[in-house]
Amino acid sequence: MTAVAGPSRMIGAPIKRREDPRLIQGLSHYVDDIKLVDTLHCTFLRSDYAHAEIKSIDTAAAKDLPGVVTVITGKDIEGKVGDVPCGADLPGLKVPDHPALSIGRVRFVGEPIAAVVATDSYIARDALDLIEVDYEELPTVVDPEKAIEAGSPLIYEEFGDNIGFTMPLEAGDADAAFAEADHVVSGRFVNQRLIPNAMEPRGVLAQYLPGDGSLTVWSSTQVPHGLKTNLGLIVDIPEHLVRVIAPEVGGAFGSKLNVYPEEIVVSYLAIQLCKPVKWIEKRTENFTTTIHGRDQINYVEIAVKNDGTITALRAKTIADIGASYQLLTPLIPTLTNLMIVGGYKIQNVKVELIGALTNKMATDAYRGAGRPEATYIIERIVSMAAKQLGMDPKDIRFKNFPQPEEFPLEIATGITFDSGNYQASLNKALEIVNYDEQRAQQAELRQQGKYMGIGLCTYVEICAFGPSAGVPGGGWESATVRVERTGKVTVLSGVSPHGQGQETSFAQIIGDEFGVDIDDIIIVHGDTGRQPQGIGTFGSRATAVGGTAMVVAAGQVKEKMAKIAAHLMEANPDDLVFENGQIFVGGSPDQAVEFATVAGEAHTAANLPPDTDPGLEATHFFEPSNFTFPFGAHVAVVEVDIDTGEIDIQRYVAVDDIGNIINPLLVNGQVHGGIAQGLGQALYEGAVYDENGQLLTGTFMDYAIPKATHLPRFESDHTVTPSPVNPLGVKGVGEAGTIASTPCMVNAVVDALSPLGITQIDMPMTPNRVWQAIQDAKEGGNG
Amino acid sequence: MANQVIHTAINGQEHTHEVEPRMLLVHYIRDVVGLTGTHVGCETSLCGACTIMVDGQAVKSCTMLAVQADGAEIMTIEGLAQNGELHPIQEGFWECHGLQCGFCTPGMIIAAHQLLQRNPNPSEDEIRHGLDGNLCRCTGYQHIVDAVQYAAEKMQGSRERKEV
């Protein structure tokens, strides 16, 4: 950046979060906490049927209810607002119409049909009961493998089948490698449908000011900028008159990386009514109509030599995409294809991907988004291969890892891993867990009739999205750094944190850059009125891409400050050091000027060096040259009670290499939370639709996200292999835990039960399912 | 049904309002009284984001009617810090990184408050069981457990000092 950087003092320190005082005292403002005068309340009538023709909708009684302002249906806004957008552009992608309120036909339970606006949220709910919809039920299909068979009920008749897209990928000569293989190991894996369930449901508040024609929308979103651009186009307000604010956002995990029908309809209503309109999602709506995640079926086989070398992988994936596309729906399973060889040097690959339309809510990005599925496939099949070959699961991994000096490494699917040392992370994890002792204990316990298992997962993931060629709408990030007249620093970022804590970690980065106190820095995010262009927070990109943007911008400001300070001190700008709120000549700290004095001089502007403009502000748009590829090794030790099917997690060790670490406290938080969601998938969670397309798991009573008693203590550690892709050397940590932990846990449980001949148990590994697998195995079958 | 007048004391302050008999207590606190630190996460008393203290008992305020709180003494998250000093539980959550998005946090802190009132020196298992009615999607709970342990130790320490 600038010539002389001060010594690093805050980067790497476990600084406690600056966000917390407001959050622990109930002083923060999520969307529903924002109260505007004369706000009207919106509710949505949603389809009770998974597939039906709407014969008629009668809204008269609802409109007559005192307090109801208006009721609209799809026909009322047809042609007046644009469709719910899909940003994916795959070859041959069939894109259906996607009106914000359905017209003519509904295709999943929960699809919005009508919107009520009333003076009070209770009245708005009452009015829903007064709307009469006459449905004619149609046949439904919820099983993606049945959906792509000929003769299945069609989600969109105009498409002729339920295949939304296909994506083949081939590298090398897989068929030849299989012909020469010593062993072929195969499996069918199910990555069940998950419901993200951020604790704050979605919410939208929109205000239109007819005087200046401006629209302001507060939304619980991860992507305020994308929402701003899209909403402007959809409701026909020029982009520069639309402001989207993501206030405090209560978690998202990918589920708020979207443009939803409610955001469109509430904005439209605010414009029509010239009053603020608010909609707050109910948990039931969150279950049925906020995007779902995962939902893939994978048929996989690998070709293996006697020494454990994996020469080829073939796979067929059926991805259940639901009844419509949300913003990135079709792209998510394509990431599975890209990452399907994991961290192994498999040169020959042949994979097929089919996107299946079904009468369910759309799937889209949920923490990990396509990479947990890839990791599950490769980490399960590699462990199965080890079993089949009689190898230790660690040895087959070491056998197929690339060597550290081979990075940057182009892999068969065409992407280039930035940096890596997979041996180091696995060795460290094995050491922490005392692997050899654990294996010895396992052998001993097996003698005693106890079923202990050790599961490994060595993963690599793709994140820090990313070069713009790989991200719809752009993969860059913007930042503006401004040193105010008093020396206070304002950083405006295009990323949109919603729990990650970057008001703290970004301030650490900027504090080190300027040598100023963290309390003199403010990080502003989530407001397109203050930072007009940006991309947002998803895909573990915020620090690698957004953090870099602000480092570069800060460097530009710093260079100017050095020039002004040098002018004031009659020194050489290249010799100056920024530290402790001062700018001084390196080696002679007496020759110093206050950081704040230079800031003041830049703004009073009476004594500036020649050719220097007033002000201290720089904006940078950073475009990364590549993605980053965090990696690591997780090890789980479990004991399974074969009488009850219960799984006791005794150890969970995570060694994650996420490049350089800005704040280890926050990194720990991300790792823990990620593992918790991965264990949720492995052990408890699963969205279940019945054959009629009714969601059977639509409450927290039926859909089990982990509670405090469900989870063990996690042992988190790291190796550090900096990324060469950005000057901070960071990779990203938001998704690593989720990506690694599901196969790790399944590998552990299958390992525990392998003496019974069990080779696979599908997730979620509920006690009932495990118990059933044990019974089947005992009866001579194979779990 | 006719509206009813209710009297409450919330965080030490008296309130009198006329409310619809069907109004939920959480909506009364958030929308009528204007204390928005208490959150609504599920409306079915499963997630615990709306947990508050009513007459000394931790209650999920999304499944209690405002009229049922007539005459009650209520404490919400906004009432926990005293004279600008964070309560040890709040301090613990801050020190131990016991929160990320913060949405479950007010309810989690109130649940921990009740837990420590009943059991000032809980084991890790007892903490996990005591918080079983409160869901967190961000943290994996470990740092929340650490936060409650931090608070327990700190509160224990101040009790011992008082006894001396």
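Domain bounds here come from an automatic or database domain assignment. Keep that in mind for chain A, where the C-alpha centres of domain 1 of chain A and domain 3 of chain A lie 39 Å apart. This is a predicted model, so let's begin with the confidence scores for this chain. Chain A averages a pLDDT of 97, and 99% of its residues score at least 70. There's one stretch to treat with care: over residues 1-7 of chain A, pLDDT stays under 50. For that stretch the model has 21 contacts beyond four places in sequence.

Domain 1 is made of two pieces, 20-28 and 466-622. Domain 2 takes in 34-138, 199-251 and 256-289, while domain 3 covers 371-463 together with 629-778. Let's stay with domains 1 and 3 of chain A. Where they touch, 14 residues of domain 1 of chain A and 16 residues of domain 3 of chain A take part. The area they bury between them is about 1100 Å², with 65% of it on carbon and sulfur atoms.

What holds for charged pairs at this boundary? On the side of domain 1 of chain A that touches domain 3 of chain A, the elements giving two or more residues are helix H15 (502-514) and helix H16 (542-569) of chain A. H16(A) gives the most, with five residues. By class, this side of domain 1 of chain A has four nonpolar and 10 polar residues, and no charged ones.

Next, chain B. It's divided into domain 1 (4-79) and domain 2 (88-163), and the C-alpha centres of these two domains of chain B lie 22 Å apart. In the contact between them, 18 residues come from domain 1 of chain B and 15 residues from domain 2 of chain B. Together the two domains of chain B bury about 1200 Å², and carbon and sulfur atoms give 61% of that. On the domain 1 side, His39(B), Thr51(B) and Ile77(B) lose the most area to domain 2 of chain B, together 37% of what that side buries.

Between domain 1 and domain 2 of chain B the salt-bridge count is zero, but seven residue pairs are in polar contact across the interface, both residues being at pLDDT 80 or more. If you're tracing the domain 1 side of chain B, look at strand E3 (51-54) and strand E4 (57-60), each of which supplies at least two of the residues touching domain 2 of chain B. That side of domain 1 of chain B has nine nonpolar, eight polar and one charged residues.

The contact takes 49 residues from chain B and 53 residues from chain A. The area buried between chain B and chain A is about 4500 Å², with carbon and sulfur atoms giving 55%. In chain B, the residues that lose the most area to chain A are Trp94(B), Arg137(B) and Gln142(B), together 20% of what that side buries.

Side chains of opposite charge can pair when their charged atoms come close. Glu95(B) and Lys16(A) meet through their side chains in a salt bridge at 2.6 Å, N to O. This pair crosses between chains, from Glu95(B) in helix H2 of chain B to Lys16(A) in the segment before helix H1 (20-24) of chain A. In the other pair, Lys35(A) forms a salt bridge with Asp31(B), with the closest N and O atoms 2.6 Å apart.

Polar contacts also cross here: the rule finds 29 residue pairs between chain B and chain A, both residues at pLDDT 80 or more. On chain B's side, the elements giving two or more residues are helix H1 (25-33), helix H2 (88-95), helix H3 (105-118), helix H4 (124-130) and helix H5 (142-163) of chain B. H5(B) provides the largest share, five residues. The residues of chain B that touch chain A divide into 22 nonpolar, 16 polar and 11 charged.

Definitions and conventions
Residues numbered from 1 in each chain as written. Chains lettered and ligands numbered in written order. Heavy atoms only, no water. Contact = heavy atoms within 4.5 Å. Buried area = accessible area lost by both parts, 1.4 Å probe. Salt bridge = Lys/Arg side-chain N within 4 Å of Asp/Glu carboxyl O. Polar contact = N/O pair within 3.5 Å; in protein donor to acceptor, adjacent residues only side chain to side chain. Helix = DSSP H or I, 4+ residues; strand = E, 2+ residues; numbered from the N terminus. Nonpolar A, V, L, I, M, F, W, Y, C, P; charged D, E, K, R; others polar. pLDDT = per-residue confidence, 0-100.
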